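Welcome, and please open the structure in your viewer. We will go from stop to stop, with something to select at each one.

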Amino acid sequence: EVLRRPKFNAYLPQELRLYAQLEKHVCLIGQGKKLEIWDQESWNQQRDQWLTESTVDSEIPDKLKALAL
């Protein structure tokens, strides 16, 4: 049985929130031992930019385009 929590609260000092320009909604992006906290709008813009840049030279498979974390 999996315990599901509808909400996750993390408290960051205001100084860090201002530096990272975090608003109300954030994304946790990680791989391996690294975890980044992004403002949701900033992450969406950066992700779209990376996807656009990578499609200049090659086509991204549909399954990869649909990948969401």
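Start by selecting Trp38 and Trp43, both of which are buried. Keep in mind throughout the tour that this is a predicted model.

**The tryptophans**

With those two side chains still on screen, look at how the rings sit. Trp38 and Trp43 form an aromatic pair of the edge-to-face kind, with 5.3 Å from centre to centre and 70 degrees between the planes. A pair of aromatic rings is described by the distance of the centres and the angle of the planes, so both values are worth checking in your viewer.

Together, Trp38, Trp43 and Trp50 form one aromatic cluster. In total, the structure holds 3 aromatic pairs.

**The hairpin**

Next, select residues 26–31, which are strand S1, and residues 34–39, which are strand S2. How many bridges join S1 and S2? The two strands pair in the antiparallel sense over 6 bridges.

Follow some of the partners across the pair. Val26 stands opposite Asp39 in S2. Further along, Ile29 has Glu36 of S2 as its bridge partner.

Then move to the turn, where 2 residues lie between the strands of the hairpin. Click on Gly32 here: its phi is positive, near 65 degrees.

**The nonpolar patch**

For the last stop, show the surface and select Phe8, Val26, Leu28, Leu35 and Ile37. These residues make a nonpolar surface patch of about 500 Å².

Leu35 has its place in strand S2. Leu35 counts as exposed because its relative accessibility is 58%, and the cut-off for exposed is over 50%.

Methods: Residues numbered from 1 in each chain as written. Predicted model: local features only at pLDDT ≥ 70, side-chain atom pairs only at ≥ 80, totals over all residues. Heavy atoms only, no water. Pairing = 2+ DSSP bridges. Helix = DSSP H or I, 4+ residues; strand = E, 2+ residues; numbered from the N terminus. Patch = residues over 30% accessible without salt bridge, like charges linked within 9 Å, V, L, I, M, F, W, Y side chains within 5 Å. Areas by Shrake-Rupley, 256 points an atom, 1.4 Å probe, with all protein chains shown as cover. Salt bridge = Lys/Arg side-chain N within 4 Å of Asp/Glu carboxyl O. Buried < 20%, exposed > 50% of the residue type's maximum accessible area, 1.4 Å probe, protein only. Phe/Tyr/Trp six-rings, centres within 6.5 Å; stacked < 30°, edge-to-face > 60°.
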